[in-house]
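Visitor: Hi! I'm new to this one. Could you walk me through it?

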Amino acid sequence: MFKKALFILKNNPSYFFPLIAGLLRRIVLVKTFSRFLYPELITITVTNRCNFNCPGCSSNSPLYTRKNGKVKEVSLKDIKKVIDEVAVFKPFIYLNGGEPTLRDDLVEIIKYVKSKKLVCSFTTNGSLLTPDLLEKLVKAKLDFLSVSIDGPKEFHDKIRGFKGAFDRAVSGLESLRLLKNKYKVSYPHVRLASIIYPENINNSKYIINLANNLKVNELGFGFLMYYPEKIIGMQKKFVEKNKTGGEEPIGLKIDNNYRFNFDEKKYLNFLAYLKKSKIPYFFAYQGNQYKEYFDPGVFPSNKSVCLTPWNNLLIHPNGDLGVCQGFRFGSIYKSSILKQWNSEEMVRFRKKRAQGPFPVCFRCNEGQKIKFDK
């Protein structure tokens, strides 16, 4: 974490005070405040289009707008307006999808974000990281790039539903390393992101070796996010009762009586192997109750804290404003984004989340530190 902060400051010196402010946000109890002046992270879902069809991906959400048979996406002009409004607060700008590289104007978006001296990043499946695009990303001074690979070639291609997915991603990472060496730059900081599948732990051990061979900057692991079918019904009742919350759980939908074949001993061996990695690593799930995590009958404790509603603003492809769960509280086409950020709808959402997880928070690791009552 310290090395990453130094990387940010080296390439973006104006982020010294925003980084300090971000640290203070995490120290202050979220239950104390229902309003925050501005979001620390702004995620712009530049598209919901994707050339893959991965199970459990949030991009499969039905809640995006189609017009004349085409997916409606926020224009470059409107994205620039958003950046202009928030630039003074120095938020981190994260471009997400779908698959962001499907946008023809992706590089132009990044250039504009960087022209405002903001930190910019995006996540990709790596299938479209051509040498030409990679050179443009380096020249645009993209700060962070996350590439998702979940296991060896055969497994990864099967999960992605795309033959050649693995080879394309690896080729892109190799090309980027050569380009960074050519131009003698440290950016973009590259993370190899991977999901730990409970029944395929050895795939994650493979990813450790791959990351070290590719000499990426960081290795990121996330537990498989999932939810039983009954969660959808529980969330609908929750929303009706509390007049807040969205109805989109994130992750893989499973049958109510499904049980994972999770071997804790194998997982602990994986953790021991990971410690030998020369590359820094990050875990989205920061707990140590592994059996509880993969027991669909166990719900998170009210002690499971999440800072997302206080820190992270999500802009959907049609311009809607949200935070998570599919909950939406405004639009970039209405009044000031920062004014809507502290609307009564958002205040109500934060106050309720401060009391404990919603049903759809079941196994969400997007900012939530999951805990279980023993």
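**Helices side by side**

Guide: Helix 7 (residues 165–183) packs with helix 8 (residues 201–214) at an angle of about 30 degrees, and their axes are 10 Å apart. Keep in mind that this is a predicted model.

Visitor: What does that angle make helix 7 relative to helix 8, roughly parallel or roughly perpendicular?
Guide: Angles under 35 degrees count as roughly parallel, so helix 7 is roughly parallel to helix 8.

Visitor: And which residues make the contact?
Guide: From helix 7 there are Phe-166, Val-170, Leu-173, Glu-174 and Arg-177, and from helix 8 there are Tyr-206, Leu-210 and Leu-214. By class, the residues in this contact of helix 7 with helix 8 are six nonpolar, no polar and two charged.

Visitor: OK, helix 5 and helix 7 next. At what angle do they pack?
Guide: Helix 5 (residues 131–139) packs with helix 7 at about 45 degrees, with the axes 10 Å apart. Helix 5 and helix 7 are therefore oblique to each other, and their crossing is right-handed.

Visitor: Which residues make that contact?
Guide: Helix 5 brings Pro-131, Leu-134, Glu-135, Val-138 and Lys-139, while helix 7 brings Gly-172, Ser-175, Leu-176, Leu-179, Lys-182 and Tyr-183. The classes in the contact of helix 5 with helix 7 are six nonpolar, two polar and three charged.

Visitor: How about helix 3 and helix 4, at what angle do their axes cross?
Guide: The axes of helix 3 (residues 76–86) and helix 4 (residues 106–115) cross at roughly 20 degrees and come within 10 Å. Helix 3 and helix 4 are therefore roughly parallel to each other. Helix 3 passes helix 4 in a right-handed crossing.

Visitor: Which residues meet there?
Guide: On the helix 3 side they are Leu-76, Ile-79, Lys-80, Ile-83 and Asp-84, and these meet Glu-108, Ile-109, Tyr-112 and Val-113 in helix 4. The residues of this contact are six nonpolar, no polar and three charged.

Visitor: Switching topic: which residues of helix 6 are buried?
Guide: In helix 6 (residues 153–160), the residues Phe-155, His-156, Asp-157, Ile-159 and Arg-160 are buried.

Visitor: What covers them?
Guide: The cover includes strand 6 (144–148), helix 7 and helix 8. After helix 6 comes Gly-161, which has a positive phi, near 65 degrees.

Visitor: And the largest nonpolar core, how many residues are in it?
Guide: The largest nonpolar core has 101 residues, and Leu-95, Tyr-267 and Phe-270 touch the most other members. As background, nonpolar side chains in soluble globular proteins tend to be buried together.

Visitor: What does Tyr-267 touch?
Guide: Not counting residues up to four places away in sequence, Tyr-267 touches Ile-196, Ile-201, Phe-223, Phe-262, Phe-283 and Tyr-290.

Visitor: Is Ser-204 buried or exposed?
Guide: Ser-204 is in helix 8 and is buried, with a relative accessible area of 1%. Leaving out residues up to four places away in sequence, Ser-204 touches Ile-195, Ile-196, Phe-221 and Phe-270.

Visitor: And where is Asn-342?
Guide: Asn-342 is in the loop between helix 13 (337–341) and helix 14 (344–355). With a relative accessible area of 17%, Asn-342 is buried. Leu-37 is 305 residues apart from Asn-342 in sequence, yet the two are 7.8 Å apart in space, C-alpha to C-alpha. Neighbours within four places aside, Asn-342 is in contact with Ser-34, Arg-35, Phe-36, Leu-37, Val-347 and Arg-350.

Visitor: Now the backbone. Which residues does the cis peptide bond with omega about -5 degrees join?
Guide: That cis bond joins Tyr-187 and Pro-188, and Pro-188 lies in the loop between helix 7 and strand 7. The peptide bond from Gly-97 to Gly-98 is also cis, with omega near 20 degrees. Gly-98 is in the loop between strand 4 (92–96) and helix 4.

Visitor: One last thing: what is phi for Lys-184?
Guide: Lys-184 has a positive phi of about 55 degrees, although it is not a glycine. Lys-184 is in the loop between helix 7 and strand 7 and is exposed, with a relative accessible area of 75%. Lys-141 also has a positive phi, near 65 degrees. Lys-141 sits in the loop between helix 5 and strand 6 and is partly exposed, at 46% relative accessible area.

Conventions
Residues numbered from 1 in each chain as written. Predicted model: local features only at pLDDT ≥ 70, side-chain atom pairs only at ≥ 80, totals over all residues. Heavy atoms only, no water. Axes fitted to C-alpha atoms, helices over the stretch in contact; angles between N-to-C directions. Helix = DSSP H or I, 4+ residues; strand = E, 2+ residues; numbered from the N terminus. Parallel < 35°, antiparallel > 145°, perpendicular 65-115°, else oblique. Contact = heavy atoms within 4.5 Å. Nonpolar A, V, L, I, M, F, W, Y, C, P; charged D, E, K, R; others polar. Left-handed = near helix turned anticlockwise from the far one by under 90°. Buried < 20%, exposed > 50% of the residue type's maximum accessible area, 1.4 Å probe, protein only. Core = buried A, V, L, I, M, F, W, Y, C linked by side-chain atoms within 4.5 Å.
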